[in-house]
Amino acid sequence: MANITFITSNKEKIVLEGDAGNVMQLAVNNGISGIDGDCGGVCSCATCHVFVAEKDIDKVGRASSIEVDMLELADDANEFSRLCCQIEISDTIDGVELTVAK
């Protein structure tokens, strides 16, 4: 079980609880604005781009090389960028804070 905080483009903080699947599915299922997941979670688009809070990057880990390739499509990607379809929900990520990319 993990509590995940999403910060939307209008600075609203939404805390969701998940116990399985990936973070993108959790966000889409709960209507988080800005998380579209157009590819269905197969890492072939960048419509679930988030910024991991610096304090949480060790919990979540860095983007894989496949993610980095997809993130090159996003103008605002940085070292804390992740595609949330590639972040599996587990106890390890409990308490992470993710800012939804614009």
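1. A polar contact is understood here as a pair of N or O atoms within 3.5 Å, where, within protein, one atom must be able to donate a hydrogen and the other to accept it, and where residues adjacent in sequence count only if both atoms are side-chain atoms. In that sense, a polar atom of the Glu67 side chain lies 2.9 Å from the backbone nitrogen of Leu83.

2. On the basis of the note: this is a predicted model, in which local features need pLDDT of at least 70 and side-chain atom pairs count only at pLDDT 80 or more, while totals for chains, interfaces and linings use all residues. Residues are numbered from 1 along each chain as its sequence is written, and side-chain values use heavy atoms, with hydrogens and water left out.

3. Glu67 belongs to helix H3, residues 65-71 (helices, H or I of at least four residues, and strands, E of at least two, are DSSP runs numbered from the N terminus). Glu67 counts as buried because its relative accessibility is 2% (buried is under 20% relative accessible area, exposed over 50%, and partly exposed in between, with a 1.4 Å probe and protein chains only). Apart from neighbours within four places in sequence, Glu67 is in contact, meaning heavy atoms within 4.5 Å, with Cys43, Arg82, Leu83 and Gln86.

4. The sheet is open and has five strands in the order E2-E1-E5-E3-E4, with mixed pairing (two strands pair if DSSP finds at least two bridges between them). Strand E2 (13-18) and strand E4 (81-83) stand at the edges with a single partner strand each, so one side of each is left without a neighbour in the sheet. From one strand to the next, the twist averages 35°, with axes taken as lines fitted to C-alpha atoms and angles running from 0 to 180 degrees between N-to-C directions.

5. Strand E5 (residues 97-100) pairs with E1 in the parallel sense over three bridges, whereas E3 and E5 run antiparallel and are joined by three bridges. Phe51 has Thr99 as its bridge partner in E5, and Thr5 stands opposite Glu97 in that strand. The covered face of E5 carries Leu98 and Val100, and the uncovered one Glu97 and Thr99.

6. Thr5 lies in strand E1, residues 2-7, and counts as buried because its relative accessibility is 13%. Leaving out residues up to four places away in sequence, Thr5 touches Lys13, Ile14 and Val15, as well as Val96, Glu97 and Leu98.

7. Cys84, not counting residues up to four places away in sequence, touches Asn22, Val23, Met24, Ile35, Cys48 and Val50.

8. With a disulfide taken as a pair of cysteine sulfur atoms within 2.5 Å, the count is zero. Cys39 is in no disulfide, and the nearest cysteine sulfur to it, that of Cys45, is 3.7 Å away. Cys45 counts as buried because its relative accessibility is 13%.
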